[in-house]
Amino acid sequence: MIMANAQEKTGKKIRLIEDLNDLRTYVSELKNKDLKIGFVPTMGALHKGHLSLIERALELCDICIASIYVNPKQFAPHEDFASYPRTLESDIADLEKMGTDAVWLPATEIMYPQNNISDVIVGGVAKPLEGEFRPHFFNGVATVVTRLLL
């Protein structure tokens with residue numbers, strides 16, 4: 001795995017989850033214990049905004065799970081998906097230092113399987129925001145968040 005010694009603040013080791021069945025088992029175990037789970041989806045390259053969401057989830061919940069997945073559906077053909085910053089090791093180190101319990105690291109094959117038959121289409125609410133310049137963006141965000149929560 002990627003992490004070894006970023007346990008400075010909390011002393012607990014973060015759980016890295018790549019397999020969907022492992023994630024489902026972990027979440028099921030937590031629910032069976034009646035633990036409140038906070039979830040913070042990200043595309044990595046964590047900044048203060050992400051970390052403040054993690055901090056809040058840790059305050060309000062028993063368990064905090066973050067995800068790191070660079071979502072190709074948020075990028076149009078003319079945007080450079082390949083150049084999006086990927087800082088996985090430092091992101092995991094930051095999450096572990098804060099006390100995040102687990103990180104879900106799905107592969108694209110899990111998020112968008114070959115038999116993919118549905119995407120989320122966001123209506124007019126997205127138009128006045130980023131949708132004016134990047135009409136595909138909110139559809140990509142809504143689709144990936146839906147998939148992350150299923």
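What follows is a conversation about the sheet, its strands and the salt bridges of this predicted model.

Visitor: What is the order of the strands in the open sheet, and what kind of pairing do they show?
Guide: The four strands are arranged as E1-E4-E3-E2, and their pairing is parallel. On average, neighbouring strands of this sheet are turned by 20° against each other, with direction ignored.

Visitor: What makes E1 and E2 the edge strands?
Guide: Strand E1, residues 15-17, and E2 each pair on one side only. Two strands count as paired when at least two bridges are found between them. E1 and strand E4 (residues 102-104) are joined by three bridges and run parallel, with Leu16 standing opposite Val103 in E4. For E2, the bridges to strand E3 (residues 63-68) number six, and these two strands also run parallel; here Ile37 stands opposite Ile63.

Visitor: How does the chain get from E2 to E3, and what is the handedness of that crossover?
Guide: The chain passes from E2 through helix H2, residues 48-60, to E3, and this β-α-β crossover is right-handed. The term applies because, with the strands pointing away from the viewer, the path from the first strand over the helix to the second runs clockwise.

Visitor: Why is Ser67 called buried?
Guide: Ser67, which lies in strand E3, has a relative accessible area of 0%, and buried means under 20%, so the label applies to Ser67. Its contacts, leaving aside residues up to four places away in sequence, are Phe39, Val40, Pro41, Thr42, Trp104 and Leu148.

Visitor: How do you know that Glu59 and Arg56 form a salt bridge?
Guide: Their side chains meet with a distance of 3.0 Å, N to O, and the rule asks for a nitrogen within 4 Å of a carboxyl oxygen, so the pair qualifies as a salt bridge. The two residues are three apart in helix H2, which means that about one helical turn separates them. Glu59 is exposed, at 52% relative accessible area, while Arg56, at 46%, counts as partly exposed.

Visitor: What makes Lys73, Asp119 and Arg147 a network?
Guide: These three residues are linked by salt bridges. Asp119 meets Lys73 with the closest N and O atoms 3.1 Å apart; Asp119 lies in the loop between helix H4 (108-111) and helix H5 (137-149), and Lys73 in the loop between E3 and helix H3 (88-98), so this pair ties together parts that are 46 residues apart in sequence. Asp119 also meets Arg147, at 3.4 Å from N to O, and because Arg147 lies in helix H5, that pair ties together parts 28 residues apart in sequence.

Technical notes. Residues numbered from 1 in each chain as written. Predicted model: local features only at pLDDT ≥ 70, side-chain atom pairs only at ≥ 80, totals over all residues. Heavy atoms only, no water. Axes fitted to C-alpha atoms, helices over the stretch in contact; angles between N-to-C directions. Buried < 20%, exposed > 50% of the residue type's maximum accessible area, 1.4 Å probe, protein only. Contact = heavy atoms within 4.5 Å.
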